Amino acid sequence: MVAGVAVGLADALGLEPNVVRCGFVVLAIASGFGVILYGVGWALMPDGAQGAARPESPRGDAVATAAFGAVVLGGLLLVRAVGLWPGDVIVWPLAAALVGLALLAMRTTPSATTSELPDWPLLRRVPPDAADAIAVLVGTRRGALARIAAGVACVVFGLAAFVVSVDSWRALRGTLVATVAVVIGIALVVGPAVSRLVHALVAERRDRIRADERADVAAHLHDSVLQTLALVQRRADEPREVVRLARMQERELRAWLLSGEAPAANANASLGATLEELAASIEAENGVPVEVVRVRDCGIEGTEPLLAAAREAMLNAVRHSGAAAVSVYLEVEPEQVTIFVRDRGHGFDTEAVPADRGGISHSIVGRMTRAGGRASVRSAADTGTEVELVLPLAKAVESP
Amino acid sequence: MTTAPRVFLVDDHQLFLAGVRSELGDVVDVVGAASDVDSAVEMIRERVPDVVLVDVHMPAGGGARVISEVAKTHPDVKFLALSVSDAPEDVIATIRAGARGYVTKTIGPDELIDAITRVCEGDAVFSPRLAGFVLDAFADVAPAAADPELDQLTPREREVLRLIARGYAYKEVARDLGISVKTVESHVSSVLRKLQLSSRHQLARWASDRRLI
């Protein structure tokens, strides 16, 4: 409600947040006990619990909810026995009405979205009518209806009980007015201070989060950009090396900015991401920029021969072509994947390379043919070299 | 070209401004430079250059705002966007604001001059990466395209873009497809028009993310 204590507690207990809120409110009306509990909860709540990763949906476990209800009820009876009690006539109807509201506000639990019964062996032996009744209880679609009906009934009952007991309400009025006056008075006196405190707490928490973020960014910049700048200064007389460092840092920083984290090796990476990592490492080792342009993407499984051939082609281009840069183009279509590796280097005579030896015939053409694809090389002295790799996709692994 | 194109620079990084100025100084006529959106708009209106080199990322609206503000009064001024960013939404948003080309800041001086000349002559400048983004955005057949003229690429346009994405210069594209450089240019300009006017949902979403619509 205010500080997310109810949500936090609900997460910890695996309950509906609304059930927990309802419990707090009932206890608060009864005696102020709920307010105290809420405050304690707030103080104890771990930092950042609010908004932390939560389970997709609370369990909505009927037993846990019932247990929590029993605890609240116990609390009520306790404060009643102690004597901090505005009167049965007020608390019970209000409690009933609140329980009704909570029932109405309760989120639909996952099981309620399926109208099928869980497949428990026990249920198969139950006659259909009884099975329906169980379905209502475990929370099927009909269960949701029943929940709404019960909620409405509780609200109506609560209000009705309140109205019916209007006589005793008159009798109580004097006490109640006095209580309200005292509460308002206290609120006026303490209110501003409390509000200031709350604001200060919120501001402090926000500042702390911001400071943490700043520290993260600073740490990252220090490890990456500042280190690279230092290296660049020391190697100012080696232009090629400086360009290599700058390119490497640019790639890394861009990946960090776009994704919010450092690029990490991932077993389930996409073909495009893997190709880009490959290009980046070849670029870093050889100091020749390798630009990758990709159109759509797919999973990496089944494309390993293609990646290996592309790696070989990129290595050939950066090592032997003499070109200042290498262009790589990846396009994934529903039925095939195509990679082009192109350089504007001095090219070579494709006929002059003996068919039985050399990197190209074995590691590129042979590899692609074995994998059911094909590879072709075009090369000329004036235009440079382009290697085309095509791999048919066995099944539709494409992802948009 | 009988006269050198008159070029205006907009970038909030002084260092970069100085660098570009010294690279271009001999070949083009740099008529001015500005480092924020408002003074850029004012000075461009006053000096009316042929081509504006504009940085995509700047405070107070960025390059896209400079482009749309100037276009209101001077629709003939042409824009070439320069950026360090390769994020597709930046590229697409800037093109849709009215830029006739997009190059990254790592471009070499010769290529930059070539791009400026091309934009000045009314052509579009697509880097390989931009061509890749466009192929991506127009990849699937639009379901019930509102305007098939604008929402889909022709097979020929696709071929041209594919070659540009593979790192081919316009001249090489023309040779490979057996067409003239002029025809390549007209295909690219037509793709640029589609990029600016199409309502395909990817383009619309990218643009609306940057509040351009």
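Val27(B) is partly exposed, at a relative accessible area of 42% (buried denotes under 20%, exposed over 50% and partly exposed the range in between, with a 1.4 Å probe and protein chains only). The model is predicted, so that local features need pLDDT of at least 70 and side-chain atom pairs count only at pLDDT 80 or more, while totals for chains, interfaces and linings use all residues. Residues are numbered from 1 along each chain as its sequence is written, chains are lettered from A and ligands numbered from 1 in the order in which they are written, and side-chain values use heavy atoms, with hydrogens and water left out. Val27(B) is placed in the loop between α1 and β2 (29–34) of chain B; helices (H or I, at least four residues) and strands (E, at least two) are DSSP runs numbered from the N terminus. Apart from neighbours within four places in sequence, Val27(B) is in contact with Ala4(B) and Ile113(B), contact being defined as heavy atoms within 4.5 Å. Pro5(B), 22 residues from Val27(B) in sequence, has its C-alpha 8.5 Å from that of Val27(B).

Helix α9 of chain B (residues 170–177) has Tyr170(B), Glu172(B), Val173(B), Ala174(B) and Leu177(B) as its buried residues. These residues pack against β4 (336–343) of chain A, and also against α5 (109–120), β6 (125–126), α8 (155–165) and α10 (181–197) of chain B.

Grid points are joined across faces, edges and corners, and the volume is the space filled by probe spheres set on the points. The largest cavity holds about 40 Å³ of space. Its lining (residues with an atom within 4 Å of a point) includes Leu9(B), Asp11(B), Phe16(B), Asp55(B) and Leu82(B). Elements giving two or more residues to this lining are β1 (6–10), α1 (14–24) and β3 (51–55) of chain B.

Notes:
1 Å grid on protein atoms, 1.4 Å probe; cavity = no way out; pocket = protein on both sides within 12 Å on 5 of 7 lines; lining within 4 Å.
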